Every structure is written in structure tokens, then in C-alpha cells.
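Here's a quick tour of a model, for anyone who likes to check contacts and accessibilities by eye. Have a look at it first, then read on.

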Amino acid sequence: MKRVGMTWLVKPEHWEEYRQIHLNPWPELLQVIQDFGIHNYSIFAFGTRVFAYMEVDGDDVYAALNALAETDIKKKWDAEVTVWVAPEAEEGTGIQFLELERIFFCP
């Protein structure tokens, strides 16, 4: 299992829509996330800066996320929600969803 932290920015004009859909996620999306070995997935916000934490079965996080992205329900979710995300997690990076370096863990 791998623990992963990621961050991104939500466009301020879409913050409330983004927040509401995450407070009321689609049950079928939650199920498919778990089906692909992603657990304890939490999203936190500070203003429009978002931080996500997840635990992914195995060592290849991107294989799980890419397989999840190919499902019909995730494609539907992304078509609605990802357009509300800023194009860069940090200005000048060209990266929309930035994986964070883990520097501390207390089991």
C-alpha cells in the first residue's frame, strides 16, 4: 500500500459548486474508487487550495488512478468537475494535480 498526498487549486468562481459536489459525492463513484484499490481517500480545503490524501493498494498509484479514469462514471465526474480546477497546482509548473512529498508518518 502507498500513501499519497496531492494538491490542486479550484477556480474561485467555481468553489461553491466544487465544494457541494464533494460534500455529496455520487455513490457509484465512491464504489468504483474502492474497486480500484483506493481507500481512506479524503479531501481537505484551505480557501480554494485543495489537499487530498489516499491510500492505494500496491506501489503503482498512477496505474490505479489511470485505470479509474477509464471508467464511465469517472469520465462523467471529470467532465463535470475537472473544468472547475485551475490549470496549474502551482504557477509555472504546468502540472494540474501535484503529488506531494511525504516527509513525516506516525503509524
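Where does F104 lie? This is a predicted model, and in it F104 sits in the segment that comes after β4 (98-100). With a relative accessible area of 67%, F104 is exposed, because anything over 50% gets that label. Y53 is 51 residues from F104 in sequence, and their C-alpha atoms are 13 Å apart in space.

You'll find T71 in the loop between α3 and α4. Its relative accessibility is 14%, so T71 counts as buried, the cut-off being under 20%.

| Residue | Relative accessible area | Class |
|---|---|---|
| F104 | 67% | exposed |
| T71 | 14% | buried |

What does T71 touch? Leaving out residues up to four places away in sequence, T71 is in contact with V32 and F36. There's a polar pair here too: a polar atom of the T71 side chain lies 2.7 Å from the backbone oxygen of L68.

In soluble globular proteins, nonpolar side chains tend to be buried together. Here the largest nonpolar core has 24 residues, and W8, Y18 and L29 have the most contacts inside it. Two or more residues come from each of β1 (2-9), α1 (15-23), α2 (27-35), β3 (49-56), α3 (61-69) and α4 (72-81). The top contributor is β3, which gives four residues to this core.

Note on methods: Residues numbered from 1 in each chain as written. Predicted model: local features only at pLDDT ≥ 70, side-chain atom pairs only at ≥ 80, totals over all residues. Heavy atoms only, no water. Buried < 20%, exposed > 50% of the residue type's maximum accessible area, 1.4 Å probe, protein only. Core = buried A, V, L, I, M, F, W, Y, C linked by side-chain atoms within 4.5 Å. Polar contact = N/O pair within 3.5 Å; in protein donor to acceptor, adjacent residues only side chain to side chain. Contact = heavy atoms within 4.5 Å.
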